[in-house]
Amino acid sequence: VQLQASGGGLVQAGGSLRLSCAVSGRPFGSYAWGWFRQAPGKDSEFVGSIRWRNGITYYNDIVKGRFTVSRDNAKNTMYLEMNSLKPKDTAVYYCAADTRRRTVEVGPRLRDGYDIWGQGTLVTVSS
């Protein structure tokens, strides 16, 4: 079972992109899905997440109001709608899923909460 992230690309500052994260293989039950990103030379950073059953979302303050996490339960797919993009949003974006209820223990913002990861998709925002 894998997660497939897609939708990355090159966009000008102020533009928008929509990332998708879909299950590849047999669907699985999960408690939360999340987006993280890693810019060149920097540590991984939490972007946003969503509780699969009730749709409650969480965001890093630096993207709040610009990014929106959503999911389609029937398609087992999560989305990241990114608006008003800035050059500092340039990074590889990774999606992840929590199938062990770990995010209930450690919260939805930590990498430790997630056990299945996608391969990443590159987002480049030009100035």
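Two residues are in contact when their heavy atoms lie within 4.5 Å. Keep that in mind for the lists of touching residues below. This is a predicted model. The protein chain has 1 helix and 11 strands. Its radius of gyration is 14 Å, close to the 14 Å that the globule rule gives for 127 residues, so the chain is as compact as a globular protein of that length.

**Overall build**

- Read from the N terminus, the elements run β-β-β-β-β-β-β-β-β-α-β-β.
- The C-alpha trace spans about 40 × 25 × 25 Å along its principal axes.
- Of the 127 residues in the protein chain, 45% are buried.
- Take the contacts between residues at least 6 apart in sequence: 55% of them join residues at least 24 apart.

**Surface and charge**

- The accessible surface of the chain is about 6,500 Å².
- Carbon and sulfur atoms account for 46% of that surface.
- The chain carries 17 positive and 10 negative charges.

**Nonpolar cores**

- The largest nonpolar core has 29 residues.
- Leu3, Trp33, Trp35, Met78, Leu80, Met82 and Tyr93 touch the most other members of this core.
- Eight strands are listed as each giving at least two residues to this core: S1 (2-6), S3 (17-24), S4 (32-38), S5 (44-51), S7 (67-72), S8, S9 (91-98) and S11 (121-126).
- Another core, of 5 residues, lies apart from the largest one. Among its members are Ala32, Phe36, Phe46 and Ala96.
- Met82 belongs to the largest core. Beyond its neighbours within four places in sequence, Met82 is in contact with Gly15, Ser16, Leu17, Leu19, Arg66, Phe67, Tyr93 and Val123.

- Tyr79 lies in strand S8, which covers residues 77-82.
- Tyr79 has a relative accessible area of 12%. The cut-off for buried is under 20%, so Tyr79 is buried.
- Setting aside neighbours within four places in sequence, Tyr79 is in contact with Arg18, Leu19, Ser20, Trp35, Thr68, Val69, Ser70, Arg71 and Asp72.
- Thr68 sits 11 residues from Tyr79 along the chain, and their C-alpha atoms are separated by 7.9 Å.
- Ser70 is in strand S7. Its relative accessible area is 30%, so Ser70 is partly exposed.
- Not counting residues up to four places away in sequence, Ser70 touches Ile50, Thr77, Met78 and Tyr79.
- Ser70 and Thr121 are 51 residues apart along the chain, with 17 Å between their C-alpha atoms.

**The helix**

- Thr103 is in helix H1, residues 102-106.
- Thr103 has 0% relative accessibility, so it counts as buried.
- Beyond residues up to four places away in sequence, Thr103 touches Tyr31, Ala32, Arg51, Asp98, Pro108, Gly113 and Tyr114.
- Tyr31 is 72 residues from Thr103 in sequence, yet the two are 7.6 Å apart in space, C-alpha to C-alpha.

**Loops and backbone angles**

- Most residues other than glycine have a negative phi.
- Ser84 has a positive phi, near 50 degrees, and is not a glycine. Ser84 is placed in the loop between S8 and S9.
- With a relative accessible area of 43%, Ser84 is partly exposed.
- Arg101 also has a positive phi, about 70 degrees, although it is not a glycine. Arg101 is in the loop between S9 and H1.
- Arg101 is at 43% relative accessibility, so it counts as partly exposed.
- Gly8 is in the loop between S1 and strand S2 (9-12). At 32% relative accessibility, Gly8 counts as partly exposed.
- Gly8 is in contact with Leu19, Thr121, Leu122 and Val123, leaving aside neighbours within four places in sequence.
- Gly8 and Thr124 are 116 residues apart in sequence and 7.8 Å apart in space, C-alpha to C-alpha.

Definitions and conventions:
Residues numbered from 1 in each chain as written. Predicted model: local features only at pLDDT ≥ 70, side-chain atom pairs only at ≥ 80, totals over all residues. Heavy atoms only, no water. Helix = DSSP H or I, 4+ residues; strand = E, 2+ residues; numbered from the N terminus. Rg over C-alpha atoms; globule rule 2.2 N^0.38 Å. Buried < 20%, exposed > 50% of the residue type's maximum accessible area, 1.4 Å probe, protein only. Areas by Shrake-Rupley, 256 points an atom, 1.4 Å probe, with all protein chains shown as cover. Lys, Arg positive; Asp, Glu negative; His and termini not counted. Charge placed at Lys NZ, Arg CZ, Asp CG, Glu CD. Core = buried A, V, L, I, M, F, W, Y, C linked by side-chain atoms within 4.5 Å.
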